[in-house]
Amino acid sequence: MTTTCCRSTSPYSQFIQDFMGGVTERNPYEPEFLQAVQEVVCSLEGVMNSKPQYLSGNILQRIVEPERVIHFRVPWVNDAGEVKVNRGYRIEFNSAIGPYKGGLRFHPSVNLSILKFLGFEQVFKNSLTTLPMGGGKGGADFNPKGKSDGEVMRFCQSFMSELFRHIGPDTDIPAGDIGVGAREIGYMFGEYKKLTNTFVGVLTGRGLEWGGSLIRPEATGYGCVYFAAEMLATRGETFEGKTCLVSGSGNVAQFTCEKINDLGGKVVTLSDSSGWIFDGDGITPEKLAWVMDLKNNRRGRISEYLTQFPNAEFHERNDSLDHNPMWAVDADCAFPSATQNEINATDADNLLRNNVCVVSEGANMPSTAEAQNVFVDAGILYGPAKAANAGGVAVSGFEMAQASQRLYWAREEVDDKLRQIMSRIHQQCVDASNEFGIEGNYVDGANIAGFVKVADAMMAQGIV
Ligand code: NDP
């Protein structure tokens, strides 16, 4: 990895090497977590030099250790009457600036490494929103795909029958993530309500009729596009006429596509785990409405797009290639919105070769460390996930505020607040990178701005 500090020969480089050696020894089988830690630590050289109390207070050693890891059995019965068992987790990572807040992911790949990386990132992301939220993440290695509604409900109820004792509106407030949408949040909220006999804001992403916020479903995608618009504005540009690549076709991808269309851009790709589509005419609002129905109501595959829009192309996923050809399509902007490490160094080189000048990350850690370096070194407008996709958790924060006030804010009001938060996050990244002489580096800017607030709160609260 060659992020800023790791290229330098300063004493901090030696410190990082020793520090990462220790973290690796303590977390030997957690590559995603180590990747996330290394990225943050590598951004902090200037901060550590200017605030030596962080080093003497061992703040880094403390911040990489979750406050609590909960790991539990989730037994449930499928439609055939067979007993199934999954693993459930909640990582309560850091509560220095507020109660734990972060999503739940249901996907067969879920393990401790993935949830710890997501929880760690969440700490800094939530800090960037300027709202009082600590960081957490959780989920299970359960695959909702292909399961009946009844199976999903029984799984969610079993999951919540353990999780409920660890969460609460002032303690830990989970939300959705991959595989956890409105349906799953509904089943889990119902079970929590029954077990505790309380109707409180313990999960965000709730339905509008039962405590949800307008714009929450849209927030991550919209926010990611607003962040990209802020980056473009620094160069006097807008989305008008820009061609965009979007990966994924779930919640984040759908609303990213919607907002790009709103702002005058054209989206030409979408994907899922089976492959990707290319529609050179653009995925217009009408076509997107069809995709939303396919994905959210009929739970279909993106390849079915061709049955409705035969001029498009479908390319099956091919894991034997060393790159994803979707990222080699000619475009101006890229919005990875599916999953972690979906862009490697070859993909990053392909994006640059085809003139992509904006990458705004809707997914969490979608670029490998090597791909990040390609973007940073090239000086393109590269918005890292913890800044660019913070709109979702920001509107979750608004949902919590509305729930405590027992009030609903209008759609325009929430959207306006979201836009302002994304603008403030962008400004924090710019200010932090300017302060430490790394202008234009949004990766280091986001890490520094997110870290300082949490570190100061931890120092103020003593050794706890
Ligand atoms: P969804 O479950 O709604 O959609 C996920 C999409 O990504 C689907 O199209 C899915 O395809 C695809 N995908 C998932 N895993 C893989 C994989 N291993 N390989 C290829 N494709 C994959 O999730 P979201 O849209 O909510 O989340 C997408 C990303 O955004 C995640 O990284 C999440 O952590 C991040 N994020 C989400 C937020 C939110 O508010 N929802 C907030 C901040 C970040 P398939 O259906 O075939 O599995």
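How much space lies in the second largest pocket? I got about 330 Å³, with volume taken as the space filled by probe spheres set on grid points joined across faces, edges and corners. A pocket here is an open set of points on a 1 Å grid over the protein atoms alone, where a 1.4 Å probe fits, with protein on both sides within 12 Å along at least five of seven lines; lining residues have an atom within 4 Å of a point.

Before going on, I note that this is a predicted model, where local features need pLDDT of at least 70, side-chain atom pairs count only at pLDDT 80 or more, and totals for chains, interfaces and linings use all residues. Residues are numbered from 1 along each chain as its sequence is written, and side-chain values use heavy atoms, without hydrogens or water.

Back to the pocket: 17 residues line it, and Gly201, Gln402, Ala403, Ser404 and Arg406 are the closest to its centre. I sorted the lining into eight nonpolar, five polar and four charged residues (Ala, Val, Leu, Ile, Met, Phe, Trp, Tyr, Cys and Pro are nonpolar, Asp, Glu, Lys and Arg charged, the others, Gly among them, polar).

Next, I looked at helices (DSSP runs of H or I, at least four residues, numbered from the N terminus). The axes of H7 (residues 112-128) and H19 (residues 442-460) come within 8 Å and cross at roughly 85°; axes are lines fitted to C-alpha atoms over the stretch in contact, with angles from 0 to 180 degrees between N-to-C directions. H7 and H19 are therefore roughly perpendicular (65 to 115 degrees). On the H7 side, Val123, Phe124, Ser127 and Leu128 meet H19 residues including Ala446 and Phe451, with contact meaning heavy atoms within 4.5 Å.

Terms used. Helix = DSSP H or I, 4+ residues; strand = E, 2+ residues; numbered from the N terminus. Parallel < 35°, antiparallel > 145°, perpendicular 65-115°, else oblique.
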